[in-house]
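Here is a briefing on aromatic side chains. Keep the sequence and the 3D view open while reading.

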Amino acid sequence: MRASPSPRWRRLLVRGAVATATAAGVLLATGPAQATPRQEVLLVGNNWEGTADVIESSGEFAKIGRIGLIPDKEERLREIYSNPVRLAYFLGIRMTVGEGHDQYTDDMYTTPDGSAVVVSRPSFADVVSIDTTTGRINWRFPVAGYRSDHMAVSPDGSRVAVSASTGNTVHVLDIHTGRQIGSFKTGDKPHENVFTRDGKIWNMAIGEVNNDLDAPWLDGLKGDRRITVADADTFEVVRTIDMRERLDAYGQSDKSDAIRPVAFTPDESKLYFQVSFFNGFFEYDVAADAITRMKTLPKNPDTSDDRTTYVNDSRHHGMSMNPAGTKLCVAGTMDEYATIVDRDTLRQGPLVPAAKPYWATVSGDGKACVISESAADQVTAIDFATGRKIKSVPMGDHPQRIRVAHLPADWTSPATG
């Protein structure tokens, strides 16, 4: 007798049948679909301002426009100030991770057709979809707990995963409707998310980064820090990785296991990651489940050795890899530089001065790394080939996350932006 399909395969078969029927219905009703002309851009989220600057994704990186991301600010503030618990967290975010400012913009992605930008707003503890033409909100999703954080978009652009930092949860939402498709639990303070091509979602929980218990002997008080790997269809946790054990085995017991930004190789066999307090990064072999190399980057003589002075424990925060997988771009946040590192030799290139660089993204053409200089309110492009600065472009207040995105070809800034 032929075996029945597994529950997961039945779900996938049904999903495929529905998608096929829907596509067929659209074609019968409207004829062949006409793709909306789009332009590729970079979105730069101005964290303290609640806006996204739009610039060219490569070449001159010229400014194209701006999108306002908090059109409902007054409504949200009324809700917050009427709830003592929410107000306490709102003010706590301002005085800790926000460095005295409210955090209105963290991460951003556009829908595949460019009609909307989806943004996580930490101080409002939500994710919203903003119409890129009108500047109005399409949908809003409040996250578990009291703060939203990093996001990731699925390879097909249909889903977005968002970390709920105080809820120890990753929500996965339909990018068009904001409906929650699934979720999974994580370690303390989920942070970075990555969709991988093998159908997984990797989440890195960084633990507590807002207190001053930063001495190595107090490390155990920083919370449950681990990588959680979940199935991107069922949202079942399929693997957890305690990097503390791997760091100890590599002889680096004094290093924090709070994993910050990461970069996978194109074949996803290696993971490069930064950790709290460290001016450098590690290489992790996914199949071998072991750390294989460590790179210590130069220390800026002006950088204090007092760990409590590092913003949210981030000595270095920001990492990306060129499409060929041969170069890494590293943002040396507290050491105030960025540099291109050869992945084969781990030799760094010129140290490009930068004011509190907080993120690193690859340009649309893959030729440059674009870093956010949060203390200088600008982004700076660095040539992957030479390691030299190309140019800087002014942004809004405290730029952080930068993402490649798409907008309609004839897009102009919304009137509300």
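The points below cover ring pairs first, then charges over rings.

This is a predicted model, where local features need pLDDT of at least 70, side-chain atom pairs count only at pLDDT 80 or more, and totals for chains, interfaces and linings use all residues. Residues are numbered from 1 along each chain as its sequence is written, and side-chain values use heavy atoms, with hydrogens and water left out.

**Ring pairs**
- Rings of Phe, Tyr and Trp (its six-membered ring) pair if their centres lie within 6.5 Å; planes under 30 degrees apart are stacked, over 60 edge-to-face, and the rest tilted.
- The count by this rule is 8 aromatic pairs.
- One of them is stacked: Tyr 89 and Tyr 146, at 4.0 Å centre to centre with 10 degrees between the planes.
- This pair links distant parts of the chain, 57 residues apart. Tyr 89 sits in helix α3 (residues 84-95), and Tyr 146 in the loop between β7 (137-142) and β8 (148-153).
- Helices (H or I, at least four residues) and strands (E, at least two) are DSSP runs, numbered from the N terminus.
- Tyr 89 is partly exposed, at 37% relative accessible area. Tyr 146 is also partly exposed, at 29%.
- Buried means under 20% relative accessible area, exposed over 50%, and partly exposed in between (1.4 Å probe, protein chains only).

**The Phe cluster**
- Phe 278 and Phe 282 form a tilted pair: 5.4 Å centre to centre, 35 degrees between the planes.
- Both Phe 278 and Phe 282 are buried.
- Ring pairs join Phe 273, Phe 278 and Phe 282 into a cluster.

**Charges over rings**
- A charge sits over a ring if NZ of Lys or CZ of Arg is within 6 Å of the ring centre and within 35 degrees of the ring normal.
- Lys 255 lies over the face of Phe 278, 5.1 Å from the ring centre.
- Arg 401 lies over the face of Trp 359, 4.4 Å from the ring centre.
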